[in-house]
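Work through the exercises below with the structure in view. Try each task before reading its solution.

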Amino acid sequence: MTDSEKNVAVTAPQSTEDNRPVVLKVEHVAKYFRLPTEQATGLKMAFLNWTRGIKGYTEQHVLRDINFEVHQGDFFGIVGRNGSGKSTLLKIISQIYKPEKGKVTVNGKLVPFIELGVGFNPELTGRENVYLNGALLGFTREEIDAMYDDIVDFAELGEFMDQKLKNYSSGMQVRLAFSVAIKAQGDILVLDEVLAVGDEAFQRKCDNFFAHIKQDPTKTVILVTHAMDAVKKYCNKAILIKDGEIIVSGNKNDVADQYTLENLKTAKRSETEQPVNGQYPAGLSERVPRLEVRPESTPLIKTREPFRFCVDYEFNEDEEFYLTVTLFDMTRGGIICDSAADLRQTKRGRQTATFELPLDAICNGDYRITAQLRILPDPDDVQSNQQLAYTDETRSCDFALRISGNNGYALLNKNTMQVKQLV
């Protein structure tokens with residue numbers, strides 16, 4: 001066996017944490033890609049570049065020293081923002097890529113589905129594509145025969161299996177690919193971003209399947225997803241990857257909450273909003289060169305304490321003016337409340353106004369606070385107001401409510417708004 005072949009071995013190590021066997025062990029895995037920066041146009045140029053120490057490429061380190069174990073029966077989540085390295089990690093686990101350092105140890109038959117429908121041929125029928133896809137995954141014809149009926153029944157495409165795939169709608173193709181993925185009889189199922197497939201009825205069927213497989217102690221699922229609800233619902237363990245490194249590992253709720261917090265973080269802006277080429281950022285102008293909403297409390301909220309936030313602004317004109325604060329529901333959509341004209345300000349220049357937002361009435365979700373600065377040419381007539389500035393999404397404040405027992409489909413908390421039967 002060559003050194004590169006030793007990177008992925010198949011053995012059966014035992015867990016040191018419980019009695020279940022370890023079916024996947026990732027040890028000190030690192031991966032980088034070479035990105036070309038300068039291409040030599042001839043042998044002379046290549047020699048000159050070599051003498052100057054110019055490689056002609058840079059190394060992009062995608063994964064750095066990744067370590068974790070997955071036990072038999074785990075529903076294991078891998079989460080991270082786009083570009084964090086999670087899909088590269090899945091391809092290493094699936095033996096599509098080989099790591100530069102470290103090794104992956106697998107015990108059992110691993111069935112990877114990195115991208116649904118990869119390997120499908122539009123000129124072949126649905127039936128032929130099932131057998132083709134199964135062969136690509138390493139199944140024999142007899143094994144595919146045994147699972148074929150289950151795949152077709154789950155996809156609900158029995159009457160279309162002898163039609164060419166190019167005649168399928170995109171939804172039908174996804175359903176067939178997903179059905180092959182989850183009905184393939186492997187020991188370890190690797191799924192990358194496949195939870196939002198098909199229509200509502202098919203998604204319910206998928207949900208029932210995951211609930212069933214979660215109860216099977218012989219099946220192991222590794223799931224990459226951006227849906228934190230799915231992580232909390234299905235997974236028993238998870239890891240969060242950031243910039244090629246694991247920053248949280250173990251408890252699924254801790255991982256999901258930290259992922260939410262990472263998404264709420266925005267790039268730090270300079271304290272002065274200077275115009276570029278005479279142009280101010282969206283929503284600002286020479287009259288109002290600064291307006292920003294920022295959190296003072298933690299943006300990941302787990303208690304009923306009011307959420308405190310600040311509005312930084314700069315306004316120097318001798319006009320009656322006020323701030324309008326608007327709360328948006330980013331989960332369900334729509335405006336929750338608007339402060340109207342009751343936040344009149346008296347301090348001019350560069351100022352900070354601090355506010356508190358009560359949270360008793362709303363359910364868990366993701367929210368955004370925006371602000372506007374308006375003037376009142378006629379203080380006795382609110383209708384005379386004029387907007388001078390507003391906060392775009394980069395200068396608004398996002399926060400997430402994650403209070404235990406506060407889940408609900410609707411916006412309002414059921415404890416604060418109840419329907420009473422009169423008759």
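The exercises cover a pocket and some aromatic rings in this predicted model.

**Exercise 1.** Describe the largest pocket and its lining.

Solution. Start with the size: the volume of the largest pocket is about 970 Å³. Next, take the lining, which has 27 residues. Nearest the centre of the pocket lie Asp229, Thr331, Asn364, Gly365 and Arg402. Then sort the lining by residue type: eight are nonpolar, 11 polar and eight charged. Last, look at the elements. Helix H7 (228-234), helix H8 (252-264) and strand E18 (365-375) each supply at least two lining residues. H8 gives the most, with six.

**Exercise 2.** Classify the ring pair of phenylalanine 75 and phenylalanine 210, and locate both residues.

Solution. The structure holds 15 aromatic pairs. In this one, the ring centres are 5.7 Å apart and the planes are at 70°. Planes over 60 degrees apart count as edge-to-face, so this pair is edge-to-face. Phenylalanine 75 is in strand E4 (residues 75-79) and phenylalanine 210 is in helix H6 (residues 200-214), so the pair ties together parts 135 residues apart in sequence. Both phenylalanine 75 and phenylalanine 210 are buried. They also belong to one aromatic cluster, together with Phe154, Phe178, Phe209 and Tyr234.

**Exercise 3.** Are tyrosine 313 and phenylalanine 321 buried or exposed?

Solution. Buried means under 20% relative accessible area. Tyrosine 313 has 1% relative accessibility, so it counts as buried. Phenylalanine 321 has 0%, so it is buried too.

**Exercise 4.** Which residue lies over the face of phenylalanine 139?

Solution. Lysine 109 does, at 4.7 Å from the ring centre.

How values were computed. Residues are numbered from 1 along each chain as its sequence is written. This is a predicted model: local features need pLDDT of at least 70, side-chain atom pairs count only at pLDDT 80 or more; totals for chains, interfaces and linings use all residues. Side-chain values use heavy atoms; hydrogens and water are left out. On a 1 Å grid over the protein atoms alone, a cavity is a set of points where a 1.4 Å probe fits but cannot get out, and a pocket is an open set with protein on both sides within 12 Å along at least five of seven lines; lining residues have an atom within 4 Å of a point. Grid points are joined across faces, edges and corners, and a volume is the space filled by probe spheres set on the points. Helices (H or I, at least four residues) and strands (E, at least two) are DSSP runs, numbered from the N terminus. Ala, Val, Leu, Ile, Met, Phe, Trp, Tyr, Cys and Pro count as nonpolar, Asp, Glu, Lys and Arg as charged, and the others, Gly among them, as polar. Rings of Phe, Tyr and Trp (its six-membered ring) pair if their centres lie within 6.5 Å; planes under 30 degrees apart count as stacked, over 60 as edge-to-face and the rest as tilted. Buried means under 20% relative accessible area, exposed over 50%, partly exposed in between (1.4 Å probe, protein chains only). A charge sits over a ring if NZ of Lys or CZ of Arg is within 6 Å of the ring centre and within 35 degrees of the ring normal.
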